Amino acid sequence: MKSLFEPLRGTARWRRWFQHLMLACLCGPLLQAQAAMPAQERSSIVASICTDPGSYRGALDRIVQAVVGASSEDAAWGKTLLERLQAVAVICRAQGAPVFKVDHGVVDAATFEPVTEAVDELPMVPTLVLARLLKTSQAEIELFSPDVLIRRAAAQRMSQAYAQINEPLVRLALSKAADPEVIATLELALAKRSLASGSVEVRVEAIRAMGKAPSESTRSLLQKYQEDRPDMSAGERAALTQSLSQIDRALEVGKAASIFFSGLSYAGVLLITALGLSIVFGLLGVINLAHGEFIMIGAYATYVVEKWLQAHAPGWFDAYVFLAIPFAFLVCALIGIVLEMTIIRHLYKRPLETLLATWAVSIALIKLVQILFGSQNVEFITPSFLQGGVQLYPGFFVTWNRVFAIALGLVIFATAYALIRQTRFGLLIRATTQRRDTARALGIPASSIDRLAFGLGSGLAGLAGVVLTQIASVNPSMGTGFVIDAFMVVVLGGAGSLVGTAVSSLILGEVNQLIEPFHGAVAAKVAVLLLIVLIIQRRPQGLFALKTRG
Amino acid sequence: MKRRNFLSAVGSGVVAVSAGNLSQTALAATPSGSGPVKLGLLFSQSGAMANNESLLKDISLMTIDQINAKGGVMGRKVEGVVVDPASDWPMYAQMSKQLILSEKVAAIFGCWTSVSRKSVLPVVEAQDSLLFYPLHFEGEEQSKNVVYLNSPPSSSVLPAVEYLMTPQGGEAKRFFMLGSDYVWPRTINKMLKGYLTTKGVPNSAIREQYVPFSHSNFQSIVRDIKAFAAQPGGQAIVVLTVVGDSIPAMFKEAINQGIRATDIPILGLDVVDSDLEGLDTAPLTGHLSCWCYFQNVDTPANRQLKSDWASYVKAKQLKHRPDMVIDPMVSTVMGIQLWAQAVTKAKSFEPAAVRKAMAGMTVADPAGYVAKMDATNQYLWRGTMIGSINAKQGFDILWKSKDIVAPVPYSPFVKA
């Protein structure tokens, strides 16, 4: 990308001098030491933003100049003004100068002097147009931030809003930039602008530069260029074809990767929600319609941990997701064990009654939580490390909360699998569920094993609740949506097989996300249901059936 | 406490009277009756709609208390009969029938979604009762047994979209319509497409997608939106008509994938303050919604309403946020006041008389307008506003209509 301006140095030296000259002229006011702006001028800048949408551009340029200029007083004022505008705290008055709303009342927008008379007007809400310009101006200032991450983000905004940037200022920032990423991004921003240049060489260079930075926006810029200039030169045409095919190739790969990733993350959610059920329904044979409510209780347990940390240890706040894991597991496991002792144990081998009883339990649990917490959605502040995401490849954006769901799903699955396959407790569960009478004859305490297994299944459902707080909204009736999906996964995978559960959630997740981008979410859901019907018809026992003699 | 004693005393009186005089059928509805007059409150307190509808139930009870404190209506106390249809659409029909036939309510206030209204419609028509419906909705309906307290799209959605297409509103040129798969989003989008066509927007600049109810995985859809917005042809906006749990799920995904209002504004037609609870709204700042009322409106009537609600929530120890009032709540309050005014004017609780008295009647709107009942079609004329989400989980008012807007029940933009 650095090569963008290099040929100019060799071929047209004067052009470079000219550029410098232009820079000096345009940025002159930025560099000179100036005296602080008079209050009247400040006031008039704010007033023009208040009254005249046509003056936004000019007014904001002056504010940015004030901030990057030499006077530290002006810089502080400009920063405050931008911040107050974005915080919806600038009040334009019908009579009198504009004011800022601050914590302790109102102050004059030019002098920061407290305003004594009552101000009852509402603050100005920035229109979308103003909001966009404000964001760009903010980024223009941040191009000169000492923090390289902020400079990179600001450069991104320059490239995104290339049409409205203050070009001399960006050139100035570019001449001072050292970070290669900032340089590349700013040069891309300038390249996007120079697509409109009068010189063919500059345009060809810009087209080449954009081919090296594949994204949806560079592609549509080039496509538009192609449509707008049917009479372009052969050189331009060749560069354009090459750049477009480069971009298309990269975006195809990105799209495939992101479809695969969303399938994986959907599979992760399915796996977590179905894992507990796979033990309760698969191994114990209990049709537990209250499974979704255990998920919900797990989510509310997370909420309790979150609120407790917020009140007692704000420094550890971000860790609430991890602290909630053991807590939610224990709470749900305990409730599960109590449920088993009081209700389920009397209903083994009577599926219809179990179904009705657990349904009643699920309604009771929903009502209980409604009384305790209310029926509204509860608030979860996403820990900072789960916010946002990262662009791994052009067109392939990965969000951290989904990565978290996949990772935690795998960890929980591995733990549960090891517990069932490798430990003595797991052996006892398998023995009891496969041949109950023989197991009891061998001295295995079958009824306490049942109880513990039910507790384990409920606890796992609770863990699903922890993960879902970061993805879905949490309210007392959230569980009902998940229980059906969970049953689908377990039935398809084959009752009693943990591996089957994992494989079937992977299949359902990927199939769903493969269809959704092309035919919509409704069609994806229908297709998945049809797929399950077809598979169950061929293999009523599910994909991975457990071979038992019982 | 006093009120409860009074009600139970009156209640036993009613039982005694009705036991002695079984032939008197429409007891509570007859003007000559002496017991309290009953209003049916048909709002779910469980299931997917409980979050929103329980707000309407409680503010109805508050308004009824206020009316009773001033001596009731025509000298009779008003009693709210609460039922819970549990977010189950057929149940709304069943419960409305129960309210009319066995509780003998004078009118019903209820429903949030259009499906529930459609389910109640045949019941109120057969019994010739009145349903006061407080939500903005898709229009295309006009029944003499329903009072439409909120706006059809012609006076809410279309003005908002028109504003977004102006230079001030950001010059929207391309539209991604994303909705839950049922009658309200589909009708709105059909209408919007018809409208945009008349504005010269080509079909290629419009995308329409639907998701099932309670859909929560918006990964690929948000990706689609980003790709759509990057295509040439001008500024893109999202017209969001997903409902319920899907709203916060969609917003969460949009935040995580880095969509900001400055790049792709989302106009969420069913988004109210309660949907923003539980979200960090700082990254959502600037996304939009349009309603007849936002609680930031600065009028004396609104300040009064907000403080009344806050003290009611506190006094009754309700689980709601005391500092949150949303448009459907205000519409419900206005509906009850309208009913009380009409009854007083008609000197009768009979639906036919109330309906006649209501035509052309005005009622104060805390949003700062004077709302007016249409003389012919039972739609209320309201003002319209666009709100912009702020960092404090609420809305700032970006734009509002100068005056109340004429509702058009049947849109010319819906092609048969």
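The model is predicted, and local features need pLDDT of at least 70, side-chain atom pairs count only at pLDDT 80 or more, while totals for chains, interfaces and linings use all residues. Residues are numbered from 1 along each chain as its sequence is written, with chains lettered from A and ligands numbered from 1 in the order in which they are written.

**Entry: helices 12 and 13, chain A**

I looked up the axes of helix 12 (residues 234-283) of chain A and helix 13 (residues 291-312) of chain A: they come within 10 Å and cross at roughly 135°. Axes are lines fitted to C-alpha atoms, for helices over the stretch in contact, and angles run from 0 to 180 degrees between N-to-C directions. Helices (H or I, at least four residues) and strands (E, at least two) are DSSP runs, numbered from the N terminus. The crossing of helix 12 of chain A past helix 13 of chain A is right-handed, that is, with the near helix turned clockwise from the far one by less than a right angle, anticlockwise being left-handed. Helix 12 of chain A brings Thr273(A), Gly276(A), Leu277(A) and Val280(A) to the contact, and helix 13 of chain A brings His291(A), Phe294(A) and Ile295(A). Contact here requires C-beta atoms, placed from the backbone, within 7 Å.

**Entry: helices 3 and 4, chain A**

Helix 3 (residues 39-51) of chain A packs on helix 4 (residues 56-68) of chain A at about 150°, with axes 9 Å apart. I therefore list helix 3 of chain A and helix 4 of chain A as roughly antiparallel. Helix 3 of chain A passes helix 4 of chain A in a left-handed crossing. Ile45(A), Ser48(A) and Ile49(A) of helix 3 of chain A meet Tyr56(A), Ala59(A), Arg62(A) and Ile63(A) of helix 4 of chain A. This contact of helix 3 of chain A with helix 4 of chain A has five nonpolar, one polar and one charged residues.

**Entry: contact of chains A and B**

I found 48 residues from chain B and 47 residues from chain A in the contact. On the side of chain B that touches chain A, the largest share, seven residues, comes from helix 7 of chain B. That side of chain B divides into 14 nonpolar, 24 polar and 10 charged residues.

**Entry: Tyr379(B)**

Tyr379(B) sits in the loop between strand 12 (369-373) and strand 13 (380-381) of chain B. With 24 other C-beta atoms within 10 Å, Tyr379(B) is buried (20 or more is buried, 12 or fewer exposed, in between partly exposed; C-beta atoms are placed from the backbone). Leaving out residues up to four places away in sequence, Tyr379(B) touches Tyr148(B), Pro152(B), Asp374(B), Pro407(B) and Pro409(B).

**Entry: positive phi**

I noted a phi near 50° at Val88(A), positive in a residue other than glycine. Val88(A) is buried, with 21 C-beta neighbours inside 10 Å. Gln393(B), not a glycine, has a positive phi of about 60°.

Notes: Two residues are in contact if their C-beta atoms, placed from the backbone, lie within 7 Å. Ala, Val, Leu, Ile, Met, Phe, Trp, Tyr, Cys and Pro count as nonpolar, Asp, Glu, Lys and Arg as charged, and the others, Gly among them, as polar. Angles under 35 degrees count as roughly parallel, over 145 as roughly antiparallel, 65 to 115 as roughly perpendicular and the rest as oblique.
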